[in-house]
Amino acid sequence: MGDRKMETAGAALMGAAGAAGIYSLGPKNTKTNRIQERRKKQNKKITESKAKIDKAKLNFAKEDLKRLQKIKNSDLSKSNIKVKNELIKKQQDIIKKGTSNTLKDIAKKIGLKTIPGVGAFIAAFSSSPAGKGSDFKPGEKKKAFDGKLRKK
């Protein structure tokens, strides 16, 4: 009979340990668990959006770099050549590191008070037509036809 008592005592202890284990897990729908789940979802969304933003920055930097490199140095003054070179370095830093110096720091480095942004610089010095649909070229004669300008 001693063995039988030991078996029942062991089973009771195992049952109590199992119940304690289940109780320690607790219900899944407590306020703290809901808050933790919400934070996990928010962090996941934030990391996904940061990845998308970084990818977009990288694509824009590559595009701006190509556009800056198309601008000929012969069309620029000495100070504008310096600005162009620094803007190219900035875009290369963005591509390599993901970050770059601010425009204010770049202006200090080359001895200017201010420096234009990449888009403004490209718009000022790149040689592109006024619009994609424009069929006129500079120096071409135009004549009015039914209220619209037409090429000769």
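## Nonpolar core

A nonpolar core is a set of buried Ala, Val, Leu, Ile, Met, Phe, Trp, Tyr and Cys residues joined through side-chain atoms within 4.5 Å, where buried means under 20% relative accessible area, exposed over 50% and partly exposed in between (1.4 Å probe, protein chains only). The largest such core has 14 residues, of which Leu-68, Ile-71, Val-83, Leu-87, Ile-115, Val-118 and Phe-121 touch the most other members. At least two residues of this core come from each of helix H2 (31-70), helix H3 (78-97), helix H4 (103-110) and helix H5 (118-125).

## Basis of the model

This is a predicted model, in which local features need pLDDT of at least 70 and side-chain atom pairs count only at pLDDT 80 or more, while totals for chains, interfaces and linings use all residues. Residues are numbered from 1 along each chain as its sequence is written, and side-chain values use heavy atoms, with hydrogens and water left out.

## Overall fold

The protein chain has five helices and two strands, taken as DSSP runs numbered from the N terminus (helices H or I, at least four residues; strands E, at least two). Along the sequence they follow the pattern α-α-α-α-α-β-β. Of the 152 residues of the protein chain, 14% count as buried.

## Packing of H2 and H3

The axes of H2 and H3, lines fitted to C-alpha atoms over the stretch in contact, come within 9 Å and cross at roughly 150 degrees, with angles running from 0 to 180 degrees between N-to-C directions. H2 is therefore roughly antiparallel to H3, a term for angles over 145 degrees. Residues in contact (heavy atoms within 4.5 Å) include Leu-65 and Leu-68 of H2 and Leu-87 and Ile-88 of H3.

Note on methods:
Angles under 35 degrees count as roughly parallel, over 145 as roughly antiparallel, 65 to 115 as roughly perpendicular and the rest as oblique.
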